[in-house]
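Welcome! Take a look at the sequence and the 3D model, and then we can walk through them together, one question at a time.

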Amino acid sequence: MASYVAAIDQGTTSTRCMIFDHGGNVICADQREHRQIYPRPGWVEHDPDEIWERTRGVIHAALRQGQIDPGAIAAVGITNQRETTLVWDRTSGRPVYNAIVWQDTRTDQLVNLLARDGGQDRFRARVGLPLATYFSGPKLRWILDNVAGARAAAEAGDLIFGTMDSFITWWLSGGPRGGVHVTDVTNASRTMLMNLQTLDWDTEILAVLDIPRQMLPTIMPSSAVYGQATGALAGVPIAGILGDQQAAMVGQTCYNQGEAKNTYGTGSFVLLNTGPTIVPSRHGLLTTVCYQFGDAPAVYALEGSIAITGALVQWLRDNLGMITSSAEVEALASLVEDNGGIYIVPAFSGLFAPYWRSDARGVIVGLTRYVHKGHLARAALEAAAYQTRDVVAAMEQDAGMKLSALKVDGGMVHNHMLMQFQADILGVPVLRPKVAETTALGAAYAAGLAVGFWQNIDDLRANWGLDYTWHPQMDEATRAKLYRGWQKAVTRTLDWVE
(Lines give C-alpha, C1' and ligand atoms only; values in the text may rest on other atoms or scores of the structure.)
Protein backbone atom coordinates (compact mmCIF):
# COMPACT_ATOMS: atom_id res chain seq x y z
CA MET A 1 0.00 0.00 0.00
CA ALA A 2 1.24 3.47 -0.91
CA SER A 3 2.45 5.47 2.10
CA TYR A 4 3.68 8.71 0.54
CA VAL A 5 3.05 11.46 -1.99
CA ALA A 6 5.87 13.18 -3.87
CA ALA A 7 6.02 16.78 -5.03
CA ILE A 8 8.30 18.44 -7.57
CA ASP A 9 8.73 22.14 -6.80
CA GLN A 10 10.30 23.84 -9.81
CA GLY A 11 11.12 27.34 -8.56
CA THR A 12 12.80 30.44 -9.90
CA THR A 13 16.22 29.71 -8.42
CA SER A 14 16.10 25.97 -7.69
CA THR A 15 14.23 22.71 -8.15
CA ARG A 16 13.47 20.25 -5.39
CA CYS A 17 11.66 17.02 -4.74
CA MET A 18 9.90 16.55 -1.41
CA ILE A 19 8.16 13.41 -0.19
CA PHE A 20 5.37 13.67 2.38
CA ASP A 21 3.49 11.18 4.54
CA HIS A 22 -0.26 11.18 5.22
CA GLY A 23 0.17 13.70 8.04
CA GLY A 24 1.77 16.20 5.68
CA ASN A 25 5.19 15.71 7.25
CA VAL A 26 8.34 15.97 5.14
CA ILE A 27 10.01 12.54 4.99
CA CYS A 28 12.89 13.52 2.72
CA ALA A 29 13.87 16.19 0.21
CA ASP A 30 16.58 17.23 -2.20
CA GLN A 31 17.14 20.65 -3.77
CA ARG A 32 19.45 21.91 -6.53
CA GLU A 33 19.96 25.44 -7.88
CA HIS A 34 20.14 26.37 -11.56
CA ARG A 35 21.77 29.30 -13.30
CA GLN A 36 20.21 32.74 -13.67
CA ILE A 37 21.05 34.06 -17.14
CA TYR A 38 21.03 37.83 -17.76
CA PRO A 39 21.78 38.47 -21.47
CA ARG A 40 20.85 42.18 -21.28
CA PRO A 41 19.55 44.62 -18.66
CA GLY A 42 15.98 43.59 -17.80
CA TRP A 43 16.30 40.18 -19.49
CA VAL A 44 16.18 37.04 -17.33
CA GLU A 45 16.43 33.51 -18.72
CA HIS A 46 16.80 29.89 -17.60
CA ASP A 47 18.19 26.89 -19.46
CA PRO A 48 15.26 24.43 -19.75
CA ASP A 49 17.53 21.42 -20.30
CA GLU A 50 19.46 22.29 -17.14
CA ILE A 51 16.20 22.49 -15.18
CA TRP A 52 15.02 19.10 -16.47
CA GLU A 53 18.41 17.60 -15.55
CA ARG A 54 18.09 19.11 -12.05
CA THR A 55 14.55 17.73 -11.79
CA ARG A 56 15.67 14.18 -12.53
CA GLY A 57 18.55 14.63 -10.09
CA VAL A 58 16.40 15.71 -7.15
CA ILE A 59 13.89 12.89 -7.73
CA HIS A 60 16.66 10.28 -7.62
CA ALA A 61 18.33 11.92 -4.60
CA ALA A 62 15.11 12.25 -2.58
CA LEU A 63 14.17 8.60 -3.15
CA ARG A 64 17.69 7.52 -2.22
CA GLN A 65 17.80 9.72 0.87
CA GLY A 66 14.48 8.38 2.18
CA GLN A 67 15.23 4.83 0.99
CA ILE A 68 11.79 4.87 -0.59
CA ASP A 69 10.66 2.48 -3.30
CA PRO A 70 8.61 4.22 -6.03
CA GLY A 71 5.88 1.68 -5.42
CA ALA A 72 5.27 3.29 -2.02
CA ILE A 73 4.36 6.61 -3.66
CA ALA A 74 0.66 7.11 -4.36
CA ALA A 75 1.06 10.08 -6.72
CA VAL A 76 3.33 12.95 -7.68
CA GLY A 77 2.32 16.60 -7.89
CA ILE A 78 4.07 19.45 -9.67
CA THR A 79 4.28 23.09 -8.67
CA ASN A 80 6.23 25.71 -10.54
CA GLN A 81 7.41 29.25 -11.02
CA ARG A 82 4.53 30.77 -12.93
CA GLU A 83 4.55 32.82 -16.17
CA THR A 84 8.05 31.62 -17.13
CA THR A 85 7.65 30.78 -20.81
CA LEU A 86 9.24 28.26 -23.11
CA VAL A 87 8.69 26.72 -26.53
CA TRP A 88 10.06 23.33 -27.54
CA ASP A 89 10.02 20.90 -30.42
CA ARG A 90 7.21 18.36 -30.18
CA THR A 91 9.35 15.58 -31.67
CA SER A 92 12.78 16.08 -30.10
CA GLY A 93 11.95 17.98 -26.91
CA ARG A 94 14.63 20.57 -27.73
CA PRO A 95 13.78 24.13 -26.63
CA VAL A 96 13.99 26.68 -29.44
CA TYR A 97 15.17 29.33 -26.97
CA ASN A 98 15.93 29.64 -23.27
CA ALA A 99 12.95 29.90 -20.90
CA ILE A 100 11.99 33.57 -20.51
CA VAL A 101 11.53 34.12 -16.77
CA TRP A 102 8.52 35.87 -15.22
CA GLN A 103 10.74 38.78 -14.09
CA ASP A 104 11.89 39.51 -17.66
CA THR A 105 10.89 42.91 -19.11
CA ARG A 106 11.86 42.52 -22.78
CA THR A 107 8.20 42.62 -23.87
CA ASP A 108 7.64 46.19 -22.63
CA GLN A 109 7.36 47.66 -26.14
CA LEU A 110 4.89 44.96 -27.21
CA VAL A 111 2.84 45.55 -24.06
CA ASN A 112 2.76 49.30 -24.73
CA LEU A 113 1.71 48.65 -28.32
CA LEU A 114 -1.14 46.39 -27.19
CA ALA A 115 -2.25 49.01 -24.65
CA ARG A 116 -2.73 51.66 -27.36
CA ASP A 117 -6.08 50.05 -28.14
CA GLY A 118 -8.01 49.76 -24.88
CA GLY A 119 -5.35 50.72 -22.35
CA GLN A 120 -3.59 48.61 -19.73
CA ASP A 121 -6.89 46.92 -18.78
CA ARG A 122 -7.71 45.92 -22.35
CA PHE A 123 -8.14 42.22 -21.50
CA ARG A 124 -8.71 42.48 -17.74
CA ALA A 125 -12.46 41.73 -17.82
CA ARG A 126 -11.73 38.37 -19.46
CA VAL A 127 -8.43 37.30 -17.93
CA GLY A 128 -8.27 39.23 -14.64
CA LEU A 129 -4.84 40.65 -15.51
CA PRO A 130 -3.50 43.99 -16.70
CA LEU A 131 -1.27 44.23 -19.73
CA ALA A 132 2.21 43.75 -18.26
CA THR A 133 5.56 42.18 -19.13
CA TYR A 134 4.97 39.72 -16.26
CA PHE A 135 2.64 37.36 -18.09
CA SER A 136 3.32 34.51 -20.51
CA GLY A 137 1.33 35.57 -23.58
CA PRO A 138 3.57 38.47 -24.62
CA LYS A 139 6.69 36.37 -23.90
CA LEU A 140 5.39 33.65 -26.22
CA ARG A 141 4.69 36.26 -28.91
CA TRP A 142 8.27 37.54 -28.50
CA ILE A 143 9.70 34.05 -29.13
CA LEU A 144 7.53 33.60 -32.24
CA ASP A 145 8.61 37.00 -33.58
CA ASN A 146 12.31 36.87 -32.70
CA VAL A 147 13.54 33.26 -32.93
CA ALA A 148 14.39 32.31 -36.51
CA GLY A 149 11.92 29.81 -37.94
CA ALA A 150 9.83 29.62 -34.77
CA ARG A 151 6.59 31.02 -36.17
CA ALA A 152 6.59 28.83 -39.26
CA ALA A 153 7.36 25.73 -37.18
CA ALA A 154 4.63 26.62 -34.68
CA GLU A 155 2.05 27.12 -37.41
CA ALA A 156 3.07 23.77 -38.89
CA GLY A 157 2.35 22.12 -35.54
CA ASP A 158 5.97 21.24 -34.78
CA LEU A 159 6.43 23.48 -31.71
CA ILE A 160 4.55 23.52 -28.43
CA PHE A 161 4.35 26.12 -25.68
CA GLY A 162 4.20 25.70 -21.94
CA THR A 163 5.01 27.17 -18.60
CA MET A 164 7.41 25.10 -16.49
CA ASP A 165 4.64 22.79 -15.22
CA SER A 166 3.84 21.75 -18.80
CA PHE A 167 7.50 21.17 -19.65
CA ILE A 168 8.16 19.07 -16.53
CA THR A 169 4.93 17.08 -16.95
CA TRP A 170 5.66 16.44 -20.65
CA TRP A 171 9.14 15.12 -19.93
CA LEU A 172 8.12 13.23 -16.77
CA SER A 173 5.37 11.41 -18.67
CA GLY A 174 7.67 10.33 -21.50
CA GLY A 175 8.63 13.44 -23.47
CA PRO A 176 8.93 12.60 -27.19
CA ARG A 177 7.66 9.09 -26.37
CA GLY A 178 4.08 9.86 -25.39
CA GLY A 179 4.49 12.81 -23.04
CA VAL A 180 1.22 14.54 -22.15
CA HIS A 181 0.94 18.25 -23.04
CA VAL A 182 -1.23 19.76 -20.31
CA THR A 183 -1.40 22.63 -17.85
CA ASP A 184 -3.81 23.39 -15.03
CA VAL A 185 -6.26 26.24 -14.58
CA THR A 186 -3.99 28.15 -12.17
CA ASN A 187 -1.03 28.28 -14.54
CA ALA A 188 -3.26 28.93 -17.55
CA SER A 189 -4.80 31.89 -15.71
CA ARG A 190 -1.33 33.53 -15.66
CA THR A 191 -0.75 33.45 -19.40
CA MET A 192 -3.14 36.34 -20.22
CA LEU A 193 -4.64 33.90 -22.74
CA MET A 194 -7.28 32.04 -20.64
CA ASN A 195 -10.82 33.29 -20.12
CA LEU A 196 -11.58 33.15 -16.37
CA GLN A 197 -15.24 32.27 -16.92
CA THR A 198 -14.90 29.55 -19.55
CA LEU A 199 -11.54 28.23 -18.22
CA ASP A 200 -10.50 27.83 -21.86
CA TRP A 201 -8.13 29.68 -24.19
CA ASP A 202 -9.68 32.93 -25.40
CA THR A 203 -9.94 32.85 -29.20
CA GLU A 204 -10.03 36.64 -29.63
CA ILE A 205 -6.95 37.28 -27.48
CA LEU A 206 -5.05 34.54 -29.33
CA ALA A 207 -5.91 36.34 -32.58
CA VAL A 208 -4.77 39.73 -31.23
CA LEU A 209 -1.46 38.24 -30.06
CA ASP A 210 -1.15 36.11 -33.23
CA ILE A 211 -0.55 32.89 -31.31
CA PRO A 212 -1.39 29.53 -32.99
CA ARG A 213 -3.85 27.66 -30.78
CA GLN A 214 -2.31 24.26 -31.61
CA MET A 215 0.81 25.24 -29.62
CA LEU A 216 -1.11 25.46 -26.37
CA PRO A 217 -1.49 22.72 -23.75
CA THR A 218 -4.84 21.24 -22.74
CA ILE A 219 -6.19 23.03 -19.64
CA MET A 220 -7.02 20.61 -16.80
CA PRO A 221 -8.13 20.85 -13.15
CA SER A 222 -5.40 21.31 -10.53
CA SER A 223 -6.17 17.89 -9.07
CA ALA A 224 -6.63 15.12 -11.66
CA VAL A 225 -4.68 12.20 -13.08
CA TYR A 226 -2.88 13.50 -16.18
CA GLY A 227 -0.69 10.48 -16.94
CA GLN A 228 1.91 8.08 -15.57
CA ALA A 229 5.47 9.00 -14.70
CA THR A 230 8.46 7.41 -16.36
CA GLY A 231 12.06 7.18 -15.16
CA ALA A 232 12.75 6.94 -11.42
CA LEU A 233 9.03 7.35 -10.61
CA ALA A 234 7.89 4.90 -13.30
CA GLY A 235 4.20 4.05 -12.97
CA VAL A 236 3.40 6.72 -10.36
CA PRO A 237 0.33 8.80 -11.36
CA ILE A 238 1.07 12.46 -12.15
CA ALA A 239 -2.01 13.86 -10.47
CA GLY A 240 -1.55 17.46 -9.32
CA ILE A 241 -0.43 20.70 -10.98
CA LEU A 242 -0.55 24.13 -9.34
CA GLY A 243 1.29 27.38 -9.88
CA ASP A 244 3.53 27.95 -6.88
CA GLN A 245 1.45 30.62 -5.16
CA GLN A 246 -1.80 28.74 -5.58
CA ALA A 247 -0.01 25.63 -4.30
CA ALA A 248 0.92 27.57 -1.17
CA MET A 249 -2.77 28.47 -0.68
CA VAL A 250 -3.63 24.77 -0.88
CA GLY A 251 -0.75 23.85 1.46
CA GLN A 252 -1.84 26.55 3.92
CA THR A 253 -5.39 25.07 3.76
CA CYS A 254 -6.86 28.48 2.83
CA TYR A 255 -10.04 26.86 1.55
CA ASN A 256 -12.52 29.32 3.09
CA GLN A 257 -13.52 32.55 1.43
CA GLY A 258 -11.62 35.41 3.12
CA GLU A 259 -8.53 33.40 4.12
CA ALA A 260 -5.18 34.87 3.00
CA LYS A 261 -1.50 33.93 2.89
CA ASN A 262 1.81 35.47 1.84
CA THR A 263 4.69 33.43 0.42
CA TYR A 264 8.15 34.97 0.72
CA GLY A 265 10.45 33.65 -1.99
CA THR A 266 12.33 35.31 -4.84
CA GLY A 267 9.31 37.60 -4.90
CA SER A 268 6.33 37.63 -2.56
CA PHE A 269 2.75 36.81 -3.33
CA VAL A 270 -0.31 37.60 -1.23
CA LEU A 271 -3.47 35.68 -2.13
CA LEU A 272 -7.01 36.06 -0.78
CA ASN A 273 -9.57 33.29 -1.39
CA THR A 274 -12.74 34.79 -2.94
CA GLY A 275 -14.56 31.46 -3.32
CA PRO A 276 -16.47 30.72 -6.55
CA THR A 277 -16.78 34.46 -7.22
CA ILE A 278 -14.60 36.25 -9.78
CA VAL A 279 -13.81 39.55 -8.04
CA PRO A 280 -12.54 42.25 -10.43
CA SER A 281 -9.81 44.40 -8.91
CA ARG A 282 -10.06 48.20 -8.88
CA HIS A 283 -6.83 48.69 -6.94
CA GLY A 284 -4.05 47.06 -8.94
CA LEU A 285 -4.45 43.41 -7.96
CA LEU A 286 -4.82 40.34 -10.15
CA THR A 287 -7.92 38.18 -10.36
CA THR A 288 -6.74 34.61 -10.71
CA VAL A 289 -7.81 30.99 -10.31
CA CYS A 290 -6.95 29.72 -6.82
CA TYR A 291 -7.47 26.01 -7.55
CA GLN A 292 -9.88 23.49 -9.04
CA PHE A 293 -10.18 20.02 -7.52
CA GLY A 294 -11.50 17.43 -9.96
CA ASP A 295 -14.99 18.17 -11.27
CA ALA A 296 -15.77 20.75 -8.56
CA PRO A 297 -16.19 24.40 -9.61
CA ALA A 298 -13.07 26.52 -9.75
CA VAL A 299 -12.19 28.64 -6.71
CA TYR A 300 -10.86 32.14 -7.42
CA ALA A 301 -8.52 34.54 -5.64
CA LEU A 302 -7.29 38.10 -5.56
CA GLU A 303 -3.51 38.27 -5.75
CA GLY A 304 -0.90 40.90 -5.11
CA SER A 305 2.34 39.95 -6.89
CA ILE A 306 5.59 41.50 -5.63
CA ALA A 307 8.55 40.99 -7.96
CA ILE A 308 11.51 41.29 -5.59
CA THR A 309 11.75 40.33 -1.90
CA GLY A 310 14.11 37.40 -1.31
CA ALA A 311 15.88 38.35 -4.53
CA LEU A 312 16.93 41.62 -2.85
CA VAL A 313 18.79 39.65 -0.18
CA GLN A 314 20.41 37.59 -2.96
CA TRP A 315 21.46 40.87 -4.61
CA LEU A 316 23.18 41.96 -1.38
CA ARG A 317 24.97 38.59 -1.44
CA ASP A 318 25.80 38.14 -5.11
CA ASN A 319 26.15 41.68 -6.48
CA LEU A 320 27.44 43.62 -3.47
CA GLY A 321 29.20 40.83 -1.55
CA MET A 322 27.83 42.12 1.77
CA ILE A 323 27.03 38.60 2.98
CA THR A 324 28.17 35.14 1.92
CA SER A 325 24.80 33.41 2.45
CA SER A 326 21.24 34.73 2.58
CA ALA A 327 20.87 33.41 6.14
CA GLU A 328 23.45 35.98 7.33
CA VAL A 329 21.26 38.97 6.53
CA GLU A 330 19.34 38.86 9.84
CA ALA A 331 22.51 38.97 11.94
CA LEU A 332 23.81 41.91 9.88
CA ALA A 333 20.48 43.75 10.18
CA SER A 334 20.47 43.10 13.94
CA LEU A 335 23.52 45.35 14.32
CA VAL A 336 21.19 48.38 14.07
CA GLU A 337 17.99 49.40 15.85
CA ASP A 338 16.30 50.86 12.77
CA ASN A 339 16.88 51.57 9.07
CA GLY A 340 18.90 54.74 9.73
CA GLY A 341 16.43 56.74 7.64
CA ILE A 342 16.91 54.80 4.40
CA TYR A 343 14.50 52.85 2.26
CA ILE A 344 15.30 50.39 -0.53
CA VAL A 345 12.61 50.03 -3.18
CA PRO A 346 13.73 47.02 -5.27
CA ALA A 347 12.04 47.85 -8.58
CA PHE A 348 14.69 45.89 -10.48
CA SER A 349 12.19 44.87 -13.15
CA GLY A 350 9.59 47.56 -12.55
CA LEU A 351 6.95 47.59 -9.83
CA PHE A 352 4.29 44.90 -9.77
CA ALA A 353 1.14 45.10 -7.59
CA PRO A 354 -0.48 47.43 -6.85
CA TYR A 355 1.41 49.90 -9.09
CA TRP A 356 2.12 47.99 -12.32
CA ARG A 357 4.82 50.40 -13.50
CA SER A 358 7.33 48.85 -15.88
CA ASP A 359 9.08 52.25 -16.10
CA ALA A 360 10.17 52.06 -12.44
CA ARG A 361 13.67 51.07 -11.36
CA GLY A 362 15.17 50.36 -7.96
CA VAL A 363 16.31 53.12 -5.60
CA ILE A 364 18.01 53.55 -2.24
CA VAL A 365 16.84 56.83 -0.70
CA GLY A 366 17.73 58.77 2.45
CA LEU A 367 21.47 58.02 2.34
CA THR A 368 23.74 59.88 4.77
CA ARG A 369 27.28 59.27 6.06
CA TYR A 370 25.63 57.70 9.13
CA VAL A 371 24.37 54.72 7.11
CA HIS A 372 26.39 51.48 7.00
CA LYS A 373 25.81 47.96 5.75
CA GLY A 374 23.68 47.01 8.76
CA HIS A 375 21.16 49.67 7.76
CA LEU A 376 21.21 48.41 4.17
CA ALA A 377 20.51 44.86 5.38
CA ARG A 378 17.66 46.03 7.58
CA ALA A 379 16.16 48.18 4.82
CA ALA A 380 16.31 45.18 2.47
CA LEU A 381 14.25 43.11 4.91
CA GLU A 382 11.82 45.94 5.61
CA ALA A 383 11.22 46.35 1.87
CA ALA A 384 9.52 42.94 1.82
CA ALA A 385 7.17 44.00 4.63
CA TYR A 386 6.35 47.40 3.14
CA GLN A 387 5.53 45.89 -0.25
CA THR A 388 3.26 43.38 1.48
CA ARG A 389 1.44 46.23 3.22
CA ASP A 390 0.91 47.96 -0.16
CA VAL A 391 -0.77 44.80 -1.44
CA VAL A 392 -2.84 44.11 1.70
CA ALA A 393 -4.22 47.69 1.63
CA ALA A 394 -5.35 47.20 -1.98
CA MET A 395 -6.80 43.79 -1.13
CA GLU A 396 -8.85 45.18 1.75
CA GLN A 397 -10.31 47.84 -0.56
CA ASP A 398 -11.19 45.37 -3.32
CA ALA A 399 -12.67 42.74 -1.00
CA GLY A 400 -14.38 45.22 1.34
CA MET A 401 -12.94 43.55 4.43
CA LYS A 402 -10.14 43.97 6.96
CA LEU A 403 -7.45 41.34 7.30
CA SER A 404 -7.48 39.79 10.79
CA ALA A 405 -4.29 37.71 10.42
CA LEU A 406 -1.79 36.71 7.75
CA LYS A 407 -0.57 33.15 7.22
CA VAL A 408 3.02 33.11 5.96
CA ASP A 409 5.34 30.60 4.31
CA GLY A 410 8.48 30.41 2.22
CA GLY A 411 12.17 30.68 2.98
CA MET A 412 12.09 34.13 4.63
CA VAL A 413 9.62 33.17 7.38
CA HIS A 414 12.50 31.87 9.50
CA ASN A 415 13.78 35.46 9.73
CA HIS A 416 12.32 36.64 13.05
CA MET A 417 13.23 40.27 12.45
CA LEU A 418 11.35 40.39 9.16
CA MET A 419 8.29 38.57 10.52
CA GLN A 420 8.09 40.85 13.57
CA PHE A 421 8.39 43.93 11.38
CA GLN A 422 5.71 42.48 9.07
CA ALA A 423 3.31 42.14 12.01
CA ASP A 424 4.24 45.66 13.18
CA ILE A 425 3.74 47.41 9.84
CA LEU A 426 0.47 45.53 9.11
CA GLY A 427 -0.89 45.79 12.65
CA VAL A 428 -2.15 42.18 12.59
CA PRO A 429 -0.75 38.84 13.82
CA VAL A 430 1.48 36.88 11.46
CA LEU A 431 1.11 33.07 11.64
CA ARG A 432 3.76 30.56 10.60
CA PRO A 433 2.71 26.91 10.17
CA LYS A 434 4.76 23.93 11.30
CA VAL A 435 5.49 23.06 7.65
CA ALA A 436 6.71 26.42 6.33
CA GLU A 437 7.46 25.13 2.81
CA THR A 438 3.80 24.86 1.91
CA THR A 439 4.26 25.22 -1.85
CA ALA A 440 5.45 21.64 -2.32
CA LEU A 441 2.91 20.46 0.26
CA GLY A 442 0.08 22.02 -1.76
CA ALA A 443 1.16 20.16 -4.90
CA ALA A 444 1.30 16.94 -2.88
CA TYR A 445 -2.19 17.60 -1.49
CA ALA A 446 -3.64 18.15 -4.98
CA ALA A 447 -2.04 14.93 -6.25
CA GLY A 448 -3.08 12.93 -3.19
CA LEU A 449 -6.69 14.10 -3.42
CA ALA A 450 -6.89 12.96 -7.06
CA VAL A 451 -5.96 9.37 -6.19
CA GLY A 452 -7.80 9.11 -2.85
CA PHE A 453 -4.68 9.24 -0.63
CA TRP A 454 -6.56 12.01 1.19
CA GLN A 455 -10.34 11.77 1.08
CA ASN A 456 -11.28 15.45 1.25
CA ILE A 457 -10.09 18.90 2.30
CA ASP A 458 -11.05 18.21 5.93
CA ASP A 459 -8.23 15.64 5.95
CA LEU A 460 -5.88 18.37 4.80
CA ARG A 461 -7.11 20.94 7.33
CA ALA A 462 -6.42 18.43 10.10
CA ASN A 463 -2.74 18.42 9.07
CA TRP A 464 -2.25 22.20 9.47
CA GLY A 465 -0.46 23.14 12.69
CA LEU A 466 0.67 26.50 14.09
CA ASP A 467 4.38 26.87 14.75
CA TYR A 468 4.77 30.53 15.76
CA THR A 469 2.78 33.77 15.98
CA TRP A 470 4.23 37.28 15.79
CA HIS A 471 1.99 39.94 17.38
CA PRO A 472 2.27 43.63 16.45
CA GLN A 473 4.30 45.65 18.97
CA MET A 474 4.52 49.01 17.13
CA ASP A 475 2.31 51.99 18.03
CA GLU A 476 0.07 53.41 15.33
CA ALA A 477 1.90 56.77 15.08
CA THR A 478 5.25 55.08 14.36
CA ARG A 479 3.62 52.67 11.92
CA ALA A 480 2.04 55.54 9.99
CA LYS A 481 5.26 57.61 9.92
CA LEU A 482 7.39 54.74 8.62
CA TYR A 483 4.84 53.85 5.96
CA ARG A 484 4.63 57.46 4.75
CA GLY A 485 8.39 57.34 4.24
CA TRP A 486 8.03 54.16 2.20
CA GLN A 487 5.31 55.69 0.02
CA LYS A 488 7.52 58.71 -0.65
CA ALA A 489 10.41 56.39 -1.58
CA VAL A 490 8.20 54.55 -4.09
CA THR A 491 7.50 57.80 -5.94
CA ARG A 492 11.27 58.19 -6.53
CA THR A 493 11.37 54.98 -8.60
CA LEU A 494 8.84 56.11 -11.21
CA ASP A 495 9.41 57.42 -14.76
CA TRP A 496 13.03 56.21 -14.80
CA VAL A 497 12.83 54.22 -18.05
CA GLU A 498 11.74 56.42 -20.95
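Q: At about what angle does helix 1 run to strand 3?
A: Helices (H or I, at least four residues) and strands (E, at least two) are DSSP runs, numbered from the N terminus. Helix 1 spans residues 48-66 and lies across strand 1 (4-10), strand 2 (14-20), strand 3 and strand 5. Angles run from 0 to 180 degrees between N-to-C directions, with axes fitted to C-alpha atoms, for helices over the stretch in contact. Helix 1 runs to strand 3 at about 150°.

Q: What kind of model is this, and which pLDDT do side-chain atom pairs need to count?
A: Residues are numbered from 1 along each chain as its sequence is written, and side-chain values use heavy atoms, with hydrogens and water left out. This is a predicted model: totals for chains, interfaces and linings use all residues, local features need pLDDT of at least 70, and side-chain atom pairs need pLDDT 80 or more.

Q: In what order do the strands of the six-stranded sheet follow each other?
A: Two strands pair if DSSP finds at least two bridges between them. Strand 3 (26-33) and strand 13 (223-228) have a single partner strand each, so they stand at the edges. The twist from one strand to the next averages 25°. This open sheet has mixed pairing and the order 3-2-1-5-14-13.

Q: Which residue of strand 14 is the bridge partner of Asn-80?
A: Strand 5 (residues 73-80) and strand 14 (residues 237-243) pair in the parallel sense, over five bridges. For Asn-80, the bridge partner in strand 14 is Gly-243.

Q: At about what angle does helix 9 run to strand 14, and at about what angle to strand 16?
A: Helix 9 (residues 244-251) lies across strand 5 and strand 14, at about 105° to strand 14. Helix 9 also lies across strand 15, strand 16, strand 17 and strand 21 (406-410), and its angle to strand 16 is about 60°.

Q: How are helix 9 and helix 14 turned to each other: roughly parallel or roughly perpendicular?
A: The axes of helix 9 and helix 14 (residues 438-450) come within 7 Å and cross at roughly 80°. Angles under 35 degrees count as roughly parallel, over 145 as roughly antiparallel, 65 to 115 as roughly perpendicular and the rest as oblique. The two helices are therefore roughly perpendicular.

Q: Which residues of helix 14 make the contact with helix 9?
A: Contact means heavy atoms within 4.5 Å. Helix 9 contributes Asp-244, Ala-247, Ala-248, Val-250 and Gly-251. On the side of helix 14, the residues are Thr-438, Thr-439, Leu-441, Gly-442, Ala-443 and Tyr-445.

Q: In what order do the strands of the seven-stranded sheet follow each other?
A: Strand 17 (286-291) and strand 23 (466-470) are the edge strands, each pairing on one side only. Neighbouring strands here are turned by 30° against each other on average, direction ignored. The sheet is open, its pairing is mixed, and the order is 17-18-16-15-21-22-23.

Q: How many residues of helix 4 are buried?
A: Buried means under 20% relative accessible area, exposed over 50%, and partly exposed in between (1.4 Å probe, protein chains only). The cover of the buried residues includes helix 2 (108-115), helix 5 (150-155) and strand 8 (159-163). Helix 4 (residues 136-146) has eleven residues, and the number buried is nine.

Q: Why is strand 8 described as largely enclosed, and which residue stands opposite Val-87 in it?
A: Five of the five residues of strand 8 are buried, so the rest of the structure largely encloses this strand. Leu-159, Phe-161 and Thr-163 lie on one side, with Ile-160 and Gly-162 on the other. Strand 6 and strand 8 run antiparallel and are joined by five bridges. The residue of strand 8 opposite Val-87 is Phe-161.

Q: Which residue's side chain makes a polar contact of 2.8 Å with the side chain of His-46?
A: His-46 is in strand 4 (residues 45-46) and counts as buried because its relative accessibility is 0%. A polar contact is a pair of N or O atoms within 3.5 Å; within protein, one must be able to donate a hydrogen and the other to accept it, and residues adjacent in sequence count only if both atoms are side-chain atoms. A polar atom of the His-46 side chain lies 3.1 Å from the backbone oxygen of Thr-12. The side-chain partner at 2.8 Å is Gln-36.
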